Amino acid sequence: MENNTQDAFDEENEGYVKIDRYNTAKTASISSHYTDILTQLGEDPQREGLLKTPERVAKSLQYLTHGYAIKPAEILRSAMFKEDYSQMVVVKDIEVYSMCEHHMLPFFGKAHIAYIPNGHIVGLSKIPRVVDAFARRLQVQERLTNEIRDCIQETLNPAGVAVVIECQHLCMAMRGIQKQNSVTTTSAFTGEFAKDKTRAEFLRLITARLH
Ligand SMILES: Nc1nc2c(ncn2[C@@H]2O[C@H](COP(=O)(O)OP(=O)(O)OP(=O)(O)O)[C@@H](O)[C@H]2O)c(=O)[nH]1
Ligand SMILES: [Zn+2]
């Protein structure tokens, strides 16, 4: 039998919760609903191209929502280091793939995140991991933005956190209002980033291009 059990990141570190990514019972149950849905859409679920589609969709949906099984605060806690560095740390252009909770269609784009250390820094890769943990759920962009900010603020306790997310929503492009190029920007700040000067520096850094 195919071994579907793996942890969320194929790593053994603390904070990476073991998940049954393609839980067998869940896959079977979701698949059977999709067989029904295909019929209701006027398709023939028995035709060759669709035979494995319900199972594929079931696995795909479990992957696209695997963030529920991840504990983002533990990810940060697993790589916090005491360091006497108190300048802004910016990680920008982090790819975001999420699903809007209203239509279950993708929204995707980039997150730009900064924090000002207050005794501790965090392993750089952990910031995109936190983004993924919250993005891989059914979301709205505003809540995604706030959840990332709050997780970093509450766990790392920095002097400030800044989160800017820019995304395109397929529910606004493929259907509904059908605006192909609109981009939604959301932002959330804490602490030092309430100050105009600090916020302006962050915004300058994320819009600057080095090459
Ligand atoms: N604020 C916010 N709205 C979102 C997000 N993703 C999708 N939406 C919106 O959710 C709203 C749901 O509105 P409804 O009127 O209930 O749904 P609908 O009839 O499908 O709306 P239309 O998309 O306008 O056709 C729509 O305006 C979507 O554009 C998000 O991340 N944040
Ligand atoms: Zn939507």
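Helix α4 is mostly covered, with nine of its 10 residues buried. This is a predicted model, and in it α4 spans residues 126-135 and packs against α5, residues 141-156.

**How α4 is covered**
- The buried set in α4 is K126, I127, R129, V130, V131, D132, A133, F134 and A135.

**The α4/α5 pair**
- Two packed helices are described by the angle between their axes and the distance between the axes.
- For α4 and α5, the angle is about 135° and the axes sit 10 Å apart.
- That makes the two helices oblique to each other, and their crossing is right-handed.
- On the α4 side, the residues that meet α5 are V130, V131, F134 and A135.
- On the α5 side, the partners are L144, E147, I148, C151 and I152.
- Sorted by class, that contact comes out as eight nonpolar residues, one charged and no polar.

**The largest nonpolar core**
- In soluble globular proteins, nonpolar side chains tend to be buried together.
- The largest core here has 30 residues, and the ones touching the most other members are V130, V131, I148, I152, A162 and V163.

- Buried or exposed? T35 counts as partly exposed, because it has 18 C-beta neighbours inside 10 Å, and 20 or more would be needed to call a residue buried.
- Setting aside residues up to four places away in sequence, T35 touches P45 and P54.
- P45 is 10 residues from T35 in sequence, and their C-alpha atoms are 6.0 Å apart.

**The whole chain**
- The chain has seven helices and nine strands.
- It runs to 211 residues, of which 27% count as buried.
- Among contacts with a separation of 6 or more, 70% come from residues 24 or more positions apart.

Methods. Residues numbered from 1 in each chain as written. Chains lettered and ligands numbered in written order. Predicted model: local features only at pLDDT ≥ 70, side-chain atom pairs only at ≥ 80, totals over all residues. Axes fitted to C-alpha atoms, helices over the stretch in contact; angles between N-to-C directions. Helix = DSSP H or I, 4+ residues; strand = E, 2+ residues; numbered from the N terminus. Parallel < 35°, antiparallel > 145°, perpendicular 65-115°, else oblique. Left-handed = near helix turned anticlockwise from the far one by under 90°. Contact = placed C-beta atoms within 7 Å. Nonpolar A, V, L, I, M, F, W, Y, C, P; charged D, E, K, R; others polar. Core = buried A, V, L, I, M, F, W, Y, C linked by C-beta atoms within 7 Å. Buried ≥ 20, exposed ≤ 12 C-beta atoms within 10 Å, placed from the backbone.
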